Every structure is written in C-alpha cells, then in structure tokens.
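Got the model loaded and a cartoon view up? Let's walk through it, one selection at a time.

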Amino acid sequence: MSSAADSLSVPDAVGSSPVIGMIWAQTEAGVIGRDGGIPWHVPEDMAHFKATTTGHPVVMGRRTWESFPEKFRPLPDRTNIVISGSEPSAFPGAVVVGSLEAAIEAAGASPGAEEIWIIGGGQVYADAMALANAALVTVIESAEDGDTMAPSLDVDWALAALTPETGWLESSGGSRYRISLWTRRP
Ligand SMILES: NC(=O)c1ccc[n+]([C@@H]2O[C@H](COP(=O)([O-])OP(=O)(O)OC[C@H]3O[C@@H](n4cnc5c(N)ncnc54)[C@H](OP(=O)(O)O)[C@@H]3O)[C@@H](O)[C@H]2O)c1
C-alpha cells in the first residue's frame, strides 16, 4: 500500500528532530472511537499504523492501552509508554508514567527516539497538540457515530502530503480512506 508516509518521509516533512507525531484514524466528522474501541475495520490502515510506528516509542493513554486485546499488547517492537494514575502492574510490558511530559521524556530515552508516536486516545491527543510537530491522519469515509473525537488541526498546521492526491483509496474491508500528513507551521 502506498501512503503519505511513503511519498514524503515524516522526518523530511517535519525538518527537525525528533519527530513528535500524532497518528490517528477518524471519520470525516472527526470520530475516533466508540465504547472503548474503533467502529470500523480498515486492515490497510492497521498496516500503515504498524509500518509507521514499529521501531519507535509509542505513547498512549490508559484507555487506549485497554482497547487493545491482551494478546496484542504491548505492541511489539516498540517501547509502549502508558500515561495513567493507576498502579503500573496493571500494564505488563509497558512503561507507565503519570503525565504527557513524563511520557515524552521516557520516549526520548527509548530505542528509535528520533520518531516518537503519540497513538491516542482523544484525551492524550488533545494534550499533545501543544507539543507535537506532525499529525498523520487517516480519514475514513464513514458516518459512524462515536464518543471520542480527534483534535482540530487549526491554522498552526499545514498539509504536507495527501494520499491519494484526489479521491480515495479502497480498503479490502469495504470502506474508502485517504491519508494526510500535517506539520506544525514554523
Ligand atoms: N481512531 C484512532 O486512531 C484511535 C486511536 C487511539 C484510541 N482511539 C479510541 O479512543 C478511545 C480512548 O480515548 P480516551 O480519550 O477515552 O482515553 P485515552 O486518552 O486513551 O486515555 C485516557 C486516560 O489516560 C490517562 N491520562 C491521559 N492524559 C493524562 C494526563 N495528562 N495525566 C495523567 N493521566 C492521563 C488517564 O488514565 P487514568 O484514568 O488511569 O489515570 C485517562 O483516564 C477509545 O475508543 C479508543 O479505541 C482511537
């Protein structure tokens, strides 16, 4: 599958190190989650997520960690950093911290720290808007309702790449989708 990350590398687009990227998938209305999960199935987006984040630290909130089936967590070949006020023993295989700032510090000391990926959910993206320099956003052509929303990328953000440049990609899961790479304006 080709993606925005293939046509333009995220480090090149950001132009400074480290990349502190947020990665998410949303509907056109901005829904990212419902009832503790994601209300669509787009295997190509899961492959894109894996290809982008493998080898780099990933930062997530407690509810996003809990959204992964136990057998899939921690996400392999990535330092998993979970933000939570809960007991660290509740997150086997993860580094547990109490704030986003502590998560970024732990990520900076992890293998592959030239790219740090913030993987959700809504609460963590909202906090991370102030310190991230990239957002890799998959838009799913879907009218699903949800209870968790993506943050708004305001005038501080510029579109760096869009795949495809017009229209949509077709998922084997039946949905159409496109991938956009946004960078924070200098
Ligand atoms: N579509 C996508 O790409 C995508 C990606 C990721 C997640 N999601 C979806 O998003 C939903 C989960 O998002 P969410 O907003 O409900 O939860 P979340 O951001 O994943 O986790 C929230 C929890 O993280 C901890 N936390 C977050 N920020 C903190 C801070 N600054 N300081 C201390 N603790 C902090 C707290 O844990 P404690 O309560 O333990 O203290 C808080 O309750 C799910 O439906 C999931 O499937 C979608």
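Predicted model: local features only at pLDDT ≥ 70, side-chain atom pairs only at ≥ 80, totals over all residues.

**First stop: helix H5**

Select helix H5, residues 100–108, and colour Leu100, Ala103, Ile104 and Ala107, which are buried (under 20% relative accessible area, with exposed meaning over 50% and partly exposed in between, using a 1.4 Å probe and protein chains only). Look down the axis of H5: these buried residues fall within an arc of 95°, so they line one face of the helix; the arc is that of the directions from the helix axis to the C-beta atoms. An α-helix has 3.6 residues a turn, so residues three or four places apart point the same way.

Residues are numbered from 1 along each chain as its sequence is written, and side-chain values use heavy atoms, with hydrogens and water left out. Helices (H or I, at least four residues) and strands (E, at least two) are DSSP runs, numbered from the N terminus.

**Helix H3**

Next, pick H3, residues 43–53. Glu44, Asp45, His48, Phe49, Thr52 and Thr53 are buried here. They cover an arc of only 155° around the axis, which puts them on the same side of H3.

Which way do the residues of E1 point? Val19, Gly21, Ile23, Ala25 and Thr27 go one way, Ile20, Met22, Trp24 and Gln26 go the other, and all are buried. With nine of its nine residues buried, E1 is largely enclosed by the rest of the structure.

Now bring in the partners; two strands pair if DSSP finds at least two bridges between them. E1 runs parallel to E6 (residues 115–118), joined by four bridges, and Ile20 sits opposite Ile116. E1 also runs parallel to E7 (residues 134–140), this time through seven bridges, with Met22 partnered by Ala135.

Follow Ala135 onward: its bridge partner in E11 is Trp182. E7 and E11 (residues 176–184) are antiparallel, with seven bridges. E11 is also antiparallel to E9 (residues 157–163), over six bridges, where Ala158 partners Thr183.

Finish the sheet walk at E10 (residues 169–170), which pairs antiparallel with E11 over two bridges; Leu169 stands opposite Tyr177. In this hairpin, with five residues between the strands, zoom in on Gly174 for its positive phi near 105°.

**The largest pocket**

The largest pocket holds about 1300 Å³ of space. On a 1 Å grid over the protein atoms alone, a pocket is an open set of points where a 1.4 Å probe fits, with protein on both sides within 12 Å along at least five of seven lines; lining residues have an atom within 4 Å of a point. Points are joined across faces, edges and corners, and the volume is the space filled by probe spheres set on them.

Of the 45 lining residues, select Ile38, Thr64, Ser67, Phe68 and Ile119, which lie nearest the centre. Elements supplying at least two lining residues each include E1 and H3, both already visited, and helix H4 (62–67).
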